[in-house]
Amino acid sequence: AFHSDASGDFIGPAALWISKRAAWYETPLLTIAPLIGLPILLVLAGLYGFSARVAYRRLGLSAAGLGALYLLGLVIEAQYANRVIVLDQEWIAVIWRGLFQLVLLGLFVWPFALAWSWREAPPKPGVGGVAATIHLSLVGAACLALVMLAAYWKLLGRL
């Protein structure tokens, strides 16, 4: 697809992506939409801050914080990654990427914290308890999915 022309310039076709068929797991619906939708689900878990259960308050607020920090990390990466490379200020990128790695670690640990809290105090039966259990389970799955998406986009372990 790429080659050198007569003057030695490295060239290639203008629209390489047209001839490449994306795999089912590379579609925008599965790779880009969750980058925004899943952190919003985590931010909405902040509504558990009003819960009577202390464990739900802590878990909900921590999930909301992680979701907001994840979105902030993505925005910073998208807006400024090329700029710091061009300006030869990679040390700035190391700082925000290091913080983003801590957010990813928090997202990975969050479902285990949820399981631990359920081990200590099982969810209460009833409509509210079942709904909270389902919602928090979805939030835990979203946390792990965000870590997997970060790995897919090569943001996991990248400083």
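1. Tyr 48 counts as buried in this predicted model, with a relative accessibility of 14%, where buried means under 20% relative accessible area, exposed means over 50% and partly exposed lies in between, using a 1.4 Å probe and protein chains only. Tyr 56 is also buried, at 4%.

2. A search of the whole structure finds four aromatic pairs, a pair being two rings of Phe, Tyr or Trp (its six-membered ring) whose centres lie within 6.5 Å, called stacked if the planes are under 30 degrees apart, edge-to-face if over 60 and tilted otherwise. One of them joins Tyr 48 and Tyr 56, edge-to-face, with 5.8 Å centre to centre and 75 degrees between the planes. Tyr 152 and Trp 153 form an edge-to-face pair as well, at 5.3 Å and 85 degrees; Tyr 152 is partly exposed at 31%, and Trp 153 is partly exposed at 38%.

3. The charged end of Arg 53 sits over the ring of Tyr 56, 4.5 Å from its centre, a description that requires NZ of Lys or CZ of Arg within 6 Å of the ring centre and within 35 degrees of the ring normal.

4. Residues are numbered from 1 along each chain as its sequence is written, and side-chain values use heavy atoms, with hydrogens and water left out. Because the model is predicted, local features need pLDDT of at least 70 and side-chain atom pairs count only at pLDDT 80 or more, while totals for chains, interfaces and linings use all residues.
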